[in-house]
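Here are my notes for anyone opening this one for the first time. Have the sequence and the 3D view side by side as you read.

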Amino acid sequence: MRWGRRNNEVREGLAEVYPRLWRFAMALTGDRASAEDLAQATALRAIEKADQFRPGTHLDRWLFVMARRVWLNELRHRAVRRGAGLRPVEEIEITAPGPDTETNIFAAEVFDVMNALPEAQRVTALLVLVEGFSYAEAAEALEIPVGTVMSRVAAARRSVASRTGEQAQGTRGTR
Amino acid sequence: MTGQQSDMFTDEELSAWLDGEAPPELSARIAAARRTDAGLAEDIARLEAAGKAMKGGFEATLAGAPELPAALAAPEPSQGWTPGALGAGLVAGLALAALGLGAWSLTRPPVWERYVASYQALYVPQTIAGAGLSEEAARAQIAELAPQLGLDLSALPDLPGLELRRAQMLGLNGKPLLQIAYADTSGRPVALCIIARGKGPSDPVARRMEGLNAVAWSTEAHGFLLIGGEDGTLDRAAEAVRAAL
């Protein structure tokens, strides 16, 4: 039963990919609540569309593309049209198991710097620098020309370089 | 722009070079110029450090990532999937989300155990029949993987009524989760799952999760879950594991 197998592959893989899906959503949305909202909506969509997943291909990439479309087409405008609909995460109050505080602080600092980047640069940098996408793969996933990937990654690097340069001279080591 | 020396290459070119995306001719020119131009070398180092900072930042963020909400993870009973059943599952999932996952989790086993249960519920005898490993190879896998948990499993005994099939490393929120798969005498899948989890020791408790029997306990630094198969088999196996480790 092909349908069932695909569905299992998506369901089984989803839990493992989910933290990275959320991180991708963080890069897209720039805030935690929207990221959780988007990651959940994407997971739900993925389960619905599991029959379209081609077994043996990258589940993470499939989910990233889906997340981006969900974000651009629906959530970005805060218009979730799905029956009862997923309520905003703030209301549900999921208690995430807490990572240690030190990690939190570090992540928060770096995210301050990265959040200052435009959304497009953040997402492209995540795919290329962290997720290991080639420029061509990132271009395909984001539906943009390769040259745009190149200039976004370069701009992100330059921008972070100048910011961390300021910090190095100013506030390093004060915490 | 910063250093005037770096004007000979654009940021795009330097960045592409750092990412291994520059064409060979450009790579050669940048590499040659960097050797003789201290300003350029410094600028490249700054851009490289910026890339690493972003990478580190994104990687650290992962530690704070939420888990897949249980309402989305919970599979249907393993009768075989139909679109109708899936639809019902989604409705149930949404209902749970609306009720509030926070309150729900209070009455449930720890999150990692629920994940394991969701996975295990999808396993059928064929899942582990196809593992195709000799017991020796499976033991070698365990020996190789256990150190990632900070655990020595060389004393892990044969478990009564269970046949070792394979071991694999899974992960939850960036933490390693070792799954050791067994088949019981009827070929049904049983798994011993171990996660590094410093919540202190606890005595074994019997659970019923996703329609499966399970026994959970923990030591100072690790959580254990034996799941699948018959109650009695699980109890004896849990006893054997606890006595040995």
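**Notes on the predicted model**

1. Start with a stretch to treat carefully: pLDDT stays under 50 over residues 91–107 of chain B, and the model has 24 contacts there beyond four places in sequence. Keep in mind throughout that this is a predicted model.

2. Staying with confidence, chain B averages a pLDDT of 80, and 82% of its residues score at least 70. Residues 76–89 of chain B also fall below 50, with 14 contacts in the model beyond near neighbours in sequence. Among the elements of chain B, helix H6 (residues 101–106) has the lowest mean pLDDT, 32, while helix H1 (residues 11–18) has the highest, 96. For the complex, the predictor gives an ipTM of 0.75 and a pTM of 0.52.

3. Now for chain A, which is simple to describe: eight helices and zero strands. Of its 175 residues, 42% are buried. Take the contacts in chain A between residues at least 6 apart in sequence, and 66% of them join residues at least 24 apart.

4. Have a look at helix H3 of chain A, residues 59–73. From first C-alpha to last, this 15-residue helix reaches 21 Å, close to the 21 Å expected at 1.5 Å a residue. Its buried residues are Leu59(A), Leu63(A), Phe64(A), Ala67(A), Val70(A) and Trp71(A). Looking down the axis of H3(A), you'll see the buried residues fall within an arc of 130°, so they line one face of the helix. On the face turned away from that buried side sit Leu72(A) and Asn73(A), both exposed.

5. Setting aside residues up to four places away in sequence, Ala67(A) touches Leu21(A), Phe24(A), Ala25(A), Leu28(A), Leu38(A) and Thr42(A). Ala67(A) is also listed with Ala25(A), Leu38(A) and Leu226(B) as having the most contacts inside the largest nonpolar core, which has 109 residues. Helix H1 of chain A (residues 2–29) gives the most to this core, with 12 residues.

6. E4(B) (residues 202–209) runs antiparallel to E5(B), and six bridges join them. Across that pairing, Ala206(B) stands opposite Val215(B). The two strands form a hairpin with two residues between them, and Glu210(B) in the turn has a positive phi of about 50°.

7. On to the next pairing: E5(B) and E6(B) (residues 222–227) are antiparallel as well, over five bridges. Trp217(B) has Phe224(B) in E6(B) as its bridge partner. Here too there is a hairpin, with three residues between the strands. How many residues of strand E5 of chain B are buried? Five of the seven, so E5(B) (residues 212–218) is largely enclosed by the rest of the structure.

8. Last stop, Ala240(B), which you'll find in helix H10 of chain B, residues 231–244. Is Ala240(B) buried or partly exposed? Ala240(B) has 17 C-beta neighbours inside 10 Å, so it counts as partly exposed. Leaving out neighbours within four places in sequence, Ala240(B) is in contact with Pro157(B), Leu159(B) and Pro160(B). Between Ala240(B) and Pro157(B) there are 7.1 Å in space, C-alpha to C-alpha, though they are 83 residues apart in sequence.

Key. Residues are numbered from 1 along each chain as its sequence is written. Chains are lettered from A and ligands numbered from 1 in the order in which they are written. This is a predicted model: local features need pLDDT of at least 70, side-chain atom pairs count only at pLDDT 80 or more; totals for chains, interfaces and linings use all residues. Helices (H or I, at least four residues) and strands (E, at least two) are DSSP runs, numbered from the N terminus. The expected span of a helix is 1.5 Å times one less than its number of residues. A residue is buried if 20 or more other C-beta atoms lie within 10 Å of its own, exposed if 12 or fewer, and partly exposed in between; C-beta atoms are placed from the backbone. The arc is that of the directions from the helix axis to the C-beta atoms. Two residues are in contact if their C-beta atoms, placed from the backbone, lie within 7 Å. Two strands pair if DSSP finds at least two bridges between them. A nonpolar core is a set of buried Ala, Val, Leu, Ile, Met, Phe, Trp, Tyr and Cys residues joined through C-beta atoms within 7 Å. pLDDT is the predictor's confidence in each residue, from 0 to 100.
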